[in-house]
Amino acid sequence: MIRDFLDPNLNFEKINQIDSSCVMQTYTRQPIALVRGKGSLVFDIEGRKYIDCVAGIAVNNVGHCHPAVVESIKNQAEQLIHVSNLYYTSPQAMLAEKLVSITGMDRIFFCNSGTEAVEAAMKLARTRTGRQNFVSTYGAFHGRSMGALSLTHKEAYRNPFRPLVENVDFVPYNDIKAVSESVDQDTAAVIIEPIQGEAGVNVPSPGYLQEVRRICDENDALLIFDEVQTGFGRTGTWFCRQHSGVLPDIMTMAKAMGGGFPMGAIASREDISFGKGEHASTFGGNPLACAASLAAIGAIEDENMLERCTRLGEYFMSRLKGMSRDDILDVRGAGLMIGVELGADCGDIVSYGRENGVLLNCTSDSVLRLVPPFVITEEQIDTVVDTIEQA
Ligand SMILES: *Cc1c(COP(=O)(O)O)cnc(C)c1O
């Protein structure tokens, strides 16, 4: 007899009431409770259906509850859910081999989130270079733990928690001169999102990442690409760095990695890897997470989703550019990572979307960030564009 832990009588009001009294109120949530997802759709507890252009914030790349991911999690859950990294497991070995292949890097360290990946990258950069300083960018988001927060630019996130890791220089994004003035022989690493996510889907000019690579090389500083948001096909290639051809020394990944299951990792060059005892994680590379990730990566391959993401991204962007709204300042992005910059706060559009069956996200106050699952259809994209236009 299996006990059902979910009270069947829960409704939105009751969930909201429990949340208000029991959960730390860190999030500003949309007033709906989601119970089910399928592909690019999610359903709330009242049975309403939504086209999901948030996708767990660039997490559900292969769609909600992709059958291959569900099957893989079920099978692995019946075999082995967790053992310590004191032992080898086949899902971890197989995933490491796969990640080496799709990242173009040499070695993997597994963790459980994007923030942890950034922490690992910082520790790795310090220990391999023997240097302390980091260079990050204006608008950068790298996570909220003390180390990762030190590389995150937003003052409102940082200020209450000082002192942070000192030795971080922030330079304007997409400004080569600023990087060259800031990087020197004391710089351990420069960390960059190849397209900035939280800052509003900022795409750098062609040549920028190449120049940053050159400046790092000249100063024997490491280059870290934070691909937590841009990874696993989001921009139409496995990793966003591929558009530039630039190989970093360390790459961070998480979000879409597990097809919705929480996990993260860093990939690095052979000569810039952790040695025995230098870092560790209880859950990192856990068999269940690795099984989920193998299935999610497999789905992208088997269903040609990189190509689909590129094609639908172009379609989506051209439809957005053709909208008859006079408050749109810019439409930008790559693949299905698209930002629509509006002249003003986009909270009202998010509310209108939700009331009309489309989940939208607003970042950096005035940028609609559209990051739907790759299985979204052209028809659904049309509905999303019509809804934004009418909002
Ligand atoms: C989301 C994000 C992070 C933090 O990841 P978490 O899994 O929330 O810890 C770090 N870097 C980038 C670029 C992100 O988008």
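Helices (H or I, at least four residues) and strands (E, at least two) are DSSP runs, numbered from the N terminus. The structure is a predicted model, in which local features need pLDDT of at least 70 and side-chain atom pairs count only at pLDDT 80 or more, while totals for chains, interfaces and linings use all residues. Residues are numbered from 1 along each chain as its sequence is written, and side-chain values use heavy atoms, with hydrogens and water left out.

**View A. Alanine 55 in helix H2.** Alanine 55 lies in helix H2. This residue has a positive phi of about 50° although it is not a glycine. Most residues other than glycine have a negative phi.

View B. The protein chain is divided into domain 1 (12–62 + 304–390) and domain 2 (69–302), with bounds from an automatic or database domain assignment. Their centres, taken over C-alpha atoms, are separated by 25 Å. To the contact (heavy atoms within 4.5 Å), domain 1 brings 28 residues and domain 2 brings 29 residues. The area buried between the domains is about 2100 Å², 60% of it from carbon and sulfur atoms; buried area is the accessible area (1.4 Å probe) that two parts lose on being put together, summed over both.

View C. Between domain 1 and domain 2 the count is 1 salt bridge, defined as a side-chain nitrogen of Lys or Arg within 4 Å of a carboxyl oxygen of Asp or Glu. The side chains of arginine 369 and glutamate 198 meet in a salt bridge, at 2.6 Å from N to O.

View D. Oxygen atoms of the ligand are placed 2.5 Å from a side-chain N or O atom of threonine 115 and 2.7 Å from a side-chain N or O atom of glutamine 229. A ligand nitrogen is 3.3 Å from a polar backbone atom of phenylalanine 141.

**View E. The cis peptide bond at proline 163.** Arginine 162 and proline 163 are joined by a cis peptide bond, with omega about 5°. Proline 163 lies in the loop between helix H7 (155–158) and strand S6 (168–171).

Key. Polar contact = N/O pair within 3.5 Å; in protein donor to acceptor, adjacent residues only side chain to side chain.
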